[in-house]
Amino acid sequence: MNYIYDILLNFDTNLYDFYDWNTTDDITHIRKVPVFKINNKTYRDIKYNKIKVEQNFITKIKKRCEIFEDRQIIDEVSLFSNGKEAIAIKFENGINKYKSLLLLDEEEEIIEVCERMDYSLINYEVIEKNRELLFETKKEYEKKIYLNEEINKLVQQKEEDKLKYIFFECFNKKEEDLFKIVEELKKNINDENISNTLESLFKLISNV
């Protein structure tokens, strides 16, 4: 089995480039991890879709990934490359639940190693197809989660006046129907102007 040594990984349920990593992220310093060279189709499925690999592959990689801290072992972790790019996957029950992209220089090292490797055949099934590209940074994603949570909090606390006030500030019109207010706010969270206004209003409300 081929291994890669001394790399940093940032596992998450979504994929983020290294420049979107936060200082608060749980970065894992890997001592060694197995690596497999796979064809483009398999690589794209592993990277973008929810898949489940056969148990014989999980058995092959089980307890093969080691981190520097106390030389702990992480189950079901492996690197994959199609010879052009690379990704790390942490499986749970054979499902590619957590993923990590890599630092540029470390990805280049993996690609160079894979040039000397044969392709591996990995049997799997696609459980769920996902979007192939995430058109938002990690900060944008976390901001959207925060705004949704704040809206839900006001609904749970039955803060009707605050919701009406927020709606008016966002859309410059009055609305009495709380269902419509919440629906419109959530529907427009991806709008940069609306999201910025919401963020400012929630910070203002929290200080009142």
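A charge is taken to sit over a ring if NZ of Lys or CZ of Arg is within 6 Å of the ring centre and within 35 degrees of the ring normal. The model is predicted, with local features needing pLDDT of at least 70 and side-chain atom pairs counted only at pLDDT 80 or more, while totals for chains, interfaces and linings use all residues. Residues are numbered from 1 along each chain as its sequence is written, and side-chain values use heavy atoms, with hydrogens and water left out.

**View A. Lysines over tyrosine rings.** K32 lies over the face of Y3, at 4.7 Å from the ring centre, and K37 is placed over the face of Y119, at 4.6 Å from the ring centre.

**View B. The pair Y3 and Y5.** Rings of Phe, Tyr and Trp (its six-membered ring) pair if their centres lie within 6.5 Å, and planes under 30 degrees apart count as stacked, over 60 as edge-to-face and the rest as tilted. The whole structure holds 8 aromatic pairs. In one of them the centres of Y3 and Y5 are 6.4 Å apart with the planes at 45°, so the pair is tilted. Y3 is buried at 17% relative accessibility, whereas Y5 is partly exposed at 46% (buried means under 20% relative accessible area, exposed over 50%, partly exposed in between; 1.4 Å probe, protein chains only).

**View C. The pair F167 and F171.** These rings form a tilted pair, 4.8 Å centre to centre with 50° between the planes. F167 is buried, with a relative accessible area of 2%, and F171 is partly exposed, with 23%.
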